[in-house]
Amino acid sequence: MATHGGFSLKQFVKPFVLTEVCAILTSSVVLLPSALGMLQTAKTAPKSISSLTYASRPQFGPEIFSGIGIGSQTYTNRLLHSPAIFSSIAISLLVCAYFVQPSISRRHKLGTGFSLIILILSMLIGPINLAWHMFSEPSGSPFRYSFLLSFVMVTMAYESWINHPNLIPNRAKLLIMALVISLLVAGFLFIRWGSSSPLNSYLALQPNSFPILIVNIGLVLVFSGFLFLSNQRLYQLAVGILVLAEMGTNFIYTLRSEPFGNQQTYQDTVTQESKKLSPYTNPQPTLYRINVMSSQLAPAFQENYLGYNDAMLFNFNGIQEYSSTLNESTRETLKMFGLFSKNQRRISNAGITAIANMLLGVKYTISKPSLPKLNQTYIGMGFPVSNQFMTAKLRQGYIFFKFRNNSPKYQPLFNALPHQSTDCSTEAVSNEWSRPFSIQF
């Protein structure tokens, strides 16, 4: 095996491969079940040739450069945005200085630069970006691992810092300052006058303030002066204070757009609801569900609060759910029962019927600030059926079919489509069930 300067390639490759294999095997305990679960959701991609073509397009454009400075993120664009890489303008300047540091070896620069490019390309190229998300289309926040890019930039900046950026050539200092300013201006102009973004046409959501741009350019000039002029202790202290002020300002700028709710109202409501639901929450001797028709937490929020995951908050078995890992087969089945599903992540209790309550084992219903009401159709959770049930074929939108007078023609006993008017009262359902019917096998 070849050696270079006492370095043996064999001694490096063997432990490296062994470590990688062990890392893959240990992480597979979590990753494999997660991947199998994600493949059972509706988000698996690409679903067609057209979606594959869409995924092959660049996932972002020059608007990414606006993320170098403060003010690139607000509540409006929290779901659709370019990779969030803001980690201080000082970090951006030091990253650029890293590649012109005379004390850092060329080999080290090439390796680090290659890693940086790989991370950027993994987000820019659609299929690779999907691989980061277990080959599923992310619904909002499409670059959730962009913190890795920021982390690499911070490590590069630190190495540049300890090698004294004031020692790089004066010409390089001016070029770095001009480059960072140019990138900020390019991002601003693209958001302001760009026709469309490569991904989701989200340009209209991006913050784009000319005064903020001026502030960012001013920060570039100030940071450049402290970083590149001297390495004295006073200059280092000034850089630290400016970075803290910059990060704090960006935090406040981002946070001020958040529609916060009322903390006291939320706290009081949670306390009251927990006390009211405590006799019905887990653990229980029998398994059943509770259908909460309207969340009592809604007054605590400025936005429309639907309470999708109140069951998790109050520890009871509910119906509605908001989850990125919602099983698609389960969601489609519940839609057939009449429950409303806005998208691939949601299942609501809107459209639920007395029959659906029975099939889902809903024992109690809460429709207003009162104690849970017992459902008359509750008969338990689960039903004994014959083997023929596994081959039952039902007409889309209908739960049961019945035969009249031994006629081969069947009529719907109960229509589960939510957009059609149906008498869902317990009395009406009981009357229907009193007539002869059977499931078509």
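Modeller: Helices (H or I, at least four residues) and strands (E, at least two) are DSSP runs, numbered from the N terminus. The model is predicted, so that local features need pLDDT of at least 70 and side-chain atom pairs pLDDT 80 or more, while totals for chains, interfaces and linings use all residues. Residues are numbered from 1 along each chain as its sequence is written, and side-chain values use heavy atoms, without hydrogens and water.

Biologist: How far apart are the closest N and O atoms of E273 and K276?

Modeller: A salt bridge is a side-chain nitrogen of Lys or Arg within 4 Å of a carboxyl oxygen of Asp or Glu. E273 and K276 are separated by about one helical turn because they are three residues apart in helix α10 (residues 263–277). They form a salt bridge, and the closest N and O atoms lie at 3.1 Å.

Biologist: Is E332 buried or partly exposed?

Modeller: Buried means under 20% relative accessible area, exposed over 50%, and partly exposed in between (1.4 Å probe, protein chains only). R331, the salt-bridge partner of E332, is buried at 8%. E332 has a relative accessibility of 33% and therefore counts as partly exposed.

Biologist: Which residue in β6 stands opposite V292?

Modeller: Two strands pair if DSSP finds at least two bridges between them. The open sheet has three strands in the order β3-β6-β7, with mixed pairing, and its edge strands are β3 (289–292) and β7 (373–374). Four bridges join β3 to the parallel strand β6 (residues 362–366). Opposite V292 stands I366.

Biologist: Which residues lining the second largest pocket are the closest to its centre?

Modeller: A pocket is an open set of points on a 1 Å grid over the protein atoms alone, where a 1.4 Å probe fits, with protein on both sides within 12 Å along at least five of seven lines; lining residues have an atom within 4 Å of a point. The second largest pocket has a volume of about 500 Å³, the space filled by probe spheres set on the points. Of its 15 lining residues, the closest to the centre are R78, E303, N304, Y322 and R346.
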